[in-house]
Amino acid sequence: MEYPNNDNELPRATRDVSLHELSKRLAECSQVRGWDQYHSPRNLLLALVGEVGELSEIFQWKGEVEKGLPNWSSAEKEHLEEELSDALLYLVLLADACGLDLGQAALAKIIKNAQKYPVVTPHNDHHQTPTISK
């Protein structure tokens, strides 16, 4: 996919985007703007927390929300997309600043959780609530 030369042009990808690609594009963006100096792990974590707060505000007074957001306007969905994207991008930047491969770490965590929380069958009926473990 060709990327726009102008920051005002917003491409809509029709393909999967890797964390590696996001990391590379974020690094390029930060470097040309001189933002690298501010991207310490602490600063990126605090920025991520701020974005999660903004995400929380979107849902704050809505009560339970149906999957797929069928009752949301396109403007509400676009706002949610933007805030989710901000959180994801700060998370990618934080992992990079810490020298971690976020994609590999996430895959390893899925495997670890699958082992910790095996599938419940009639033969092994011990029940554990699935969560992302710490």
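**Close-up 1. Lys62 lies over the face of Trp72.** The distance from Lys62 to the ring centre of Trp72 is 4.8 Å. The model shown here is predicted. Trp72 counts as buried, because its relative accessibility is 10% and the cut-off for buried is under 20%. Trp72 sits in the loop between α2 and α3, and α3 covers residues 74-97.

**Close-up 2. The rings of Phe59 and Trp72 form a tilted pair.** The count of aromatic pairs comes to one. The ring centres of Phe59 and Trp72 are 5.3 Å apart. Their planes meet at 50 degrees, so the pair is tilted. Phe59 belongs to helix α2, residues 41-59, whereas Trp72 belongs to the loop between α2 and α3. The pair therefore ties together parts that are 13 residues apart in sequence. Phe59 is partly exposed, with a relative accessible area of 33%. Trp72, at 10% relative accessibility, is buried.

**Close-up 3. Arg33 lies over the face of Trp35.** Here the distance from Arg33 to the ring centre is 5.7 Å. Helix α1 spans residues 19-33.

**Close-up 4. Ser23 is a buried residue of helix α1.** The relative accessible area of Ser23 is 17%. Ser23 counts as buried because that value falls under 20%. Which residues does Ser23 contact, leaving aside its neighbours within four places in sequence? They are Val92 and Asp96. Helix α3 runs over residues 74-97.

How values were computed:
Residues are numbered from 1 along each chain as its sequence is written. This is a predicted model: local features need pLDDT of at least 70, side-chain atom pairs count only at pLDDT 80 or more; totals for chains, interfaces and linings use all residues. Side-chain values use heavy atoms; hydrogens and water are left out. Helices (H or I, at least four residues) and strands (E, at least two) are DSSP runs, numbered from the N terminus. Buried means under 20% relative accessible area, exposed over 50%, partly exposed in between (1.4 Å probe, protein chains only). Contact means heavy atoms within 4.5 Å. Rings of Phe, Tyr and Trp (its six-membered ring) pair if their centres lie within 6.5 Å; planes under 30 degrees apart count as stacked, over 60 as edge-to-face and the rest as tilted. A charge sits over a ring if NZ of Lys or CZ of Arg is within 6 Å of the ring centre and within 35 degrees of the ring normal.
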